[in-house]
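Morning, everyone. Please have the sequence and the model open while I talk.

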Amino acid sequence: MDTIIVTLSREALPRSGGGEEERTPYPEVLARAGEILRLGGLVAFPTETVYGLGGNALDKEAARKIYAAKGRPSDNPLIVHIADREELDGLVSEVPPMADRLMEAFWPGPMTLILKKKPVIPDETTGGLRTVAVRMPSDPVAAALIRAAKVPIAAPSANLSGRPSPTRAEHVIEDMRGRIEMILDGGPVGIGLESTIIDCTGEEPVILRPGYVSREMLEELFDRVSVDPASVGPTGEGEHPKAPGMKYRHYAPEAALTLFEGESRAVTERIRARVAEDVRNGRRVGIIAADETKTDYPEGIVRSIGSRRNVETVAHNLFAVLREFDDLGVEAIYSESFSPEGIGQAVRNRLTKASGYRIVRVDGPSTYPAE
Ligand code: TXA
Ligand code: MG
């Protein structure tokens with residue numbers, strides 16, 4: 001199929017969460033995109049976290065098309081995107097006080113809530129679960145698209161299954177051109193890692209997937225916050241992560257990634273030794289470094305993903321660098337590690353998952369997954 005690709009400026013559009021605006025720029029493009037969605041087609045769009053692959057959340061055929069376009073197992077539930085708080089009541093059977101507090105604090109924004117679903121949401125959208133994941137993105141292009149569609153939009157990240165999530169329109173074009181009806185190009189995203197997922201169906205908020213909205217931020221609002229163990233380490237035999245998507249080896253670059261943890265200078269030294277050996281053996285290797293360390297590697301393809309003094313820059317660049325290494329055909333990637341404070345927790349989660357938990361502790365025991 002021919003994919004329509006259109007560039008929109010997010011500066012020209014009104015912010016989400018502020019109610020319907022009278023006049024919106026790009027009326028023809030948005031009307032066309034909305035119509036595609038209402039007729040069961042797919043439109044990729046930017047959000048503040050990563051690009052999403054949208055379809056009508058109330059249409060089970062649209063959900064099937066999303067899984068097919070991504071090449072993704074259909075038991076992995078989708079996040080439902082809305083543009084205004086009022087839409088939520090039609091989708092969920094209960095809004096507990098904890099969810100209200102979270103929405104008040106972080107919507108529109110990079111946070112997804114798990115709530116009990118109403119029957120209008122088909123099983124295809126939720127992978128058969130009785131709960132639904134809902135998010136109100138702050139990106140104005142996303143908000144304008146949801147309003148134009150006049151239906152809630154189910155959207156996973158707009159990458160082929162197993163590839164890093166797209167943070168630029170070019171990534172979406174690479175993965176989805178010819179597979180979906182339309183791609184809205186709103187430029188590079190702001191955050192670069194997927195939303196924080198919080199389960200609100202129990203007594204206290206439980207973080208199922210770390211993101212920009214961090215544990216520390218939640219602890220300012222609640223006495224107790226828990227973290228699903230699947231978001232910090234590998235799941236053991238017979239254990240099931242509460243966010244079904246967390247069981248897959250997500251965010252995976254094609255090359256094997258090894259994460260090195262420990263004191264910064266010792267890490268650099270160890271990576272340098274590994275790279276030297278690989279280069280001697282004729283292997284093409286990539287190194288994920290920081291602004292502070294990028295000049296410490298004489299061999300290998302070195303990319304800084306940001307500054308240690310500002311881990312948000314690291315979050316922003318991580319997926320683009322993983323894709324670049326795929327494009328360059330590197331056979332192995334060695335990565336430094338970053339502070340796990342704030343959004344650093346999410347960076348660590350994506351890096352450890354991309355590595356398949358192949359982690360070398362330079363000053364202690366290392367873990368290697370069973371091959
Ligand atoms: O930032 C984001 O969240 C992006 C943008 C496009 O909004 N979307 C995204 O979707 O990351 P996706 O499909 O790549 O990840 C959705 C995650 C999966 O891990 C899935 O298992 C979990 O959300 N999830 C969805 N519904 C759930 C539910 N009812 N209960 C628990 N986890 C759920
Ligand atoms: Mg994804």
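Let's begin with a definition. A charge sits over a ring if NZ of Lys or CZ of Arg is within 6 Å of the ring centre and within 35 degrees of the ring normal. Now look at Arg101. Its charged end sits over the ring of Phe222, 4.8 Å from the ring's centre. Keep in mind that this is a predicted model.

Next, ring against ring. How many aromatic pairs does the count come to? The count comes to 1. The ring centres of Phe260 and Tyr334 are 5.9 Å apart, and their planes stand at 75 degrees, so this pair is edge-to-face. Phe260 lies in strand S12 and Tyr334 in strand S15, so the pair ties together parts 74 residues apart in sequence. Both Phe260 and Tyr334 are buried.

On to helix H9, residues 311-328. H9 has 18 residues. From first C-alpha to last, H9 reaches 25 Å, close to the 26 Å expected. Where does H9 bend? At Asn317, by about 40 degrees. Its buried residues include Val314, Leu318, Leu322 and Phe325. Among the elements covering the buried residues of H9 are S12 and S15, the two strands that hold Phe260 and Tyr334. Helices H6 and H10 are also part of that cover. Just after H9 comes Gly329, with a positive phi of about 70 degrees.

Last stop: Ala63, in helix H2. Is Ala63 buried or exposed? Buried: its relative accessible area is 2%. Beyond its neighbours within four places in sequence, Ala63 is in contact with Leu78, Glu124 and Thr125. Cys200 is 24 Å from Ala63, C-alpha to C-alpha, and 137 residues apart in sequence.

Note on methods:
Residues numbered from 1 in each chain as written. Chains lettered and ligands numbered in written order. Predicted model: local features only at pLDDT ≥ 70, side-chain atom pairs only at ≥ 80, totals over all residues. Heavy atoms only, no water. Phe/Tyr/Trp six-rings, centres within 6.5 Å; stacked < 30°, edge-to-face > 60°. Helix = DSSP H or I, 4+ residues; strand = E, 2+ residues; numbered from the N terminus. Buried < 20%, exposed > 50% of the residue type's maximum accessible area, 1.4 Å probe, protein only. Contact = heavy atoms within 4.5 Å. Expected span 1.5 Å × (residues − 1). Bend = angle between axes of the 7 residues up to and from the residue.
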